[in-house]
Amino acid sequence: MRTIRIALLGAGTVGGGVLSLLRENAELLQVQTDCRFEVRHVVVRDPAKPRAVPVPPELITTDAENAVRDPEVDIVIEVMGGLEPPHSLIRHALQAGKSVITANKMVMAIAGDELIRLATTHRADLLYEASVAGSLPILTLLQGALAGNRIERAVGIVNSTTNFILTRMEQALAMGVAAEQAYSEALAQAQSLGYAEADPSSDVEGYDAQYKMAILARLAFLQYVPLESVYREGIAHLSGRDLVWARRLGYGIKLIGTAERLSDGRLNVRVHPTLLPLEHPLYGLRDANSGIWLQGNGFRELFLHGFAAGARPTASAILGDLILAARNLRMGIAGTTPQPSLQPGETAPIEAISFRYYVRTVGTSEEPLKAVREALAEWLPECQPVEQIPEGYEQVCLTALAPESLFQAHLAPLRQHPDIRQLQVIRFLS
Ligand code: NAP
Ligand code: HSE
């Protein structure tokens with residue numbers, strides 16, 4: 001029986017999950033692959049750090065380059081996070097002909113095209129299922145069972161931390177807890193549960209979802225998707241008032257990623273807070289659950305959802321990749337796992353899309369609220385009665401469908417208005 005030797009780069013939340021599942025499921029892995037697995041190196045930054053999952057001290061090292069270059073190592077699992085050193089380490093591993101498994105969406109979104117080419121050149125496997133929506137096998141599906149479809153649209157919640165925060169904020173607000181307190185407590189909990197990124201601004205500012213949507217769109221639409229073409233907005237600027245208003249009006253707010261082919265052939269990919277009807281299946285995803293709703297010209301619709309972050313769900317995806325990589329090594333076909341043949345194609349900015357909008361204005365008096373209603377007049381706003389709140393006078397209006405470019409142009413001067421304290425715009429699901 002062949003022994004597969006692994007260098008594990010990182011032993012934090014995900015690395016710990018990988019070590020746990022490797023131990024717990026050792027027998028199963030052997031049955032699945034006819035291989036034995038041996039972890040040769042566990043790379044960390046601080047060897048003295050206490051670890052939730054024990055690591056034999058003789059395996060721990062801070063020398064990642066040495067671990068990657070060890071000729072005995074067959075597979076490198078990168079779960080460090082950040083662009084560098086992971087990008088260089090993955091490159092070196094592939095150049096040495098080693099199979100690489102990574103959960104790193106930042107690297108795969110920014111440098112994925114280059115790394116995929118490198119893997120092909122060096123006939124090495126580069127597998128990254130865990131980089132998008134943790135345990136949900138979305139990338140495998142797109143490259144396998146659904147690959148015979150023309151994908152038309154992918155819409156989903158791809159960041160668990162923000163879903164966890166928004167769910168907890170809604171619950172806390174209903175119990176009269178202040179929004180700021182609910183936000184910071186939920187974020188702290190998401191961090192302690194291992195859902196959040198090492199720098200959680202990546203979650204709450206939408207970068208994590210932006211990376212994931214770029215990777216997902218690349219495989220769904222077989223087109224190069226430059227990261228900068230993916231529109232990004234996070235949830236940090238949302239107020240508790242928005243969640244309260246949304247609920248009152250029969251909606252909920254989620255951070256939604258969308259990738260869709262427009263009628264002119266261009267691809268639009270975007271991430272932003274979105275109002276959804278309370279009965280929408282994506283709204284039904286609570287806490288750290290994620291979900292992706294796909295439409296394609298053969299299967300029509302498919303909704304994949306589940307627990308997509310944290311140690312074990314992420315490790316589950318990594319083990320799936322590990323089994324594939326090990327089988328390929330055993331059969332001498334590493335590097336033959338199909339990689340997408342991408343086409344150049346145009347991407348469209350968010351300005352090319354039309355949305356219905358929620359507009360919440362807080363003014364020092366009722367006068368500036370009138371100016372907002374006038375700016376929205378073209379899109380037949382349905383406005384709620386003005387309410388007096390501690391910050392001033394507040395009004396919420398919902399518009400009919402409006403082209404983003406024109407809509408934002410109408411609102412732009414009002415963002416400088418001296419008597420407007422808040423002007424919050426949230427798009428409806430289109
Ligand atoms: P984490 O808990 O911060 O763990 C990172 C690990 O990498 C730690 O063991 C750290 O060492 C080590 N490390 C970081 N930089 C290093 C360096 N320069 N040299 C040596 N070791 C280094 O992060 P995580 O949550 O496990 O996430 C890891 C990766 O998986 C990220 O790319 C993340 O985006 C991705 N991911 C995470 C999840 C999730 O739910 N957490 C889900 C899917 C994908 P120390 O322990 O000594 O600090
Ligand atoms: N921080 C990420 C999230 C981890 O919350 O979705 C899973 O990729």
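Mentor: Let's start with a term: a residue is near a molecule or strand if one of its heavy atoms lies within 4 Å of it. Keep in mind that this is a predicted model, in which local features need pLDDT of at least 70, side-chain atom pairs count only at pLDDT 80 or more, and totals for chains, interfaces and linings use all residues. Residues are numbered from 1 along each chain as its sequence is written, chains are lettered from A and ligands numbered from 1 in the order in which they are written, and side-chain values use heavy atoms, with hydrogens and water left out.

Trainee: Which residues are the closest to ligand 2?

Mentor: By that 4 Å rule, 13 residues surround ligand 2, and K105, T161, Y195, E197 and K212 are the closest.

Trainee: What makes K105 and ligand 2 a polar contact?

Mentor: A polar contact is a pair of N or O atoms within 3.5 Å; within protein, one must be able to donate a hydrogen and the other to accept it, and residues adjacent in sequence count only if both atoms are side-chain atoms.

Trainee: Which residues come nearest to ligand 1?

Mentor: D46, K49, R51, E197 and G310 do, out of 25 residues around ligand 1. The side chain of E197 has an N or O atom 2.5 Å from an oxygen atom of ligand 1.

Trainee: Why is the pair E197 and K105 called a salt bridge?

Mentor: The term asks for a side-chain nitrogen of Lys or Arg within 4 Å of a carboxyl oxygen of Asp or Glu. In E197 and K105 the closest N and O atoms are 3.0 Å apart, so the pair qualifies. Across the interface of domain 1 and domain 2, the rule finds three salt bridges.

Trainee: Where do those domain bounds come from?

Mentor: From an automatic or database domain assignment, which gives domain 1 (2-135 + 310-331), domain 2 (141-305) and domain 3 (353-428).

Trainee: How do you know how much area domain 1 and domain 2 bury?

Mentor: Buried area is the accessible area (1.4 Å probe) that two parts lose on being put together, summed over both. For domain 1 and domain 2 that is about 1300 Å², with carbon and sulfur atoms giving 63%. In domain 1, K105, A109 and V132 lose the most area to domain 2, together 40% of what that side buries.
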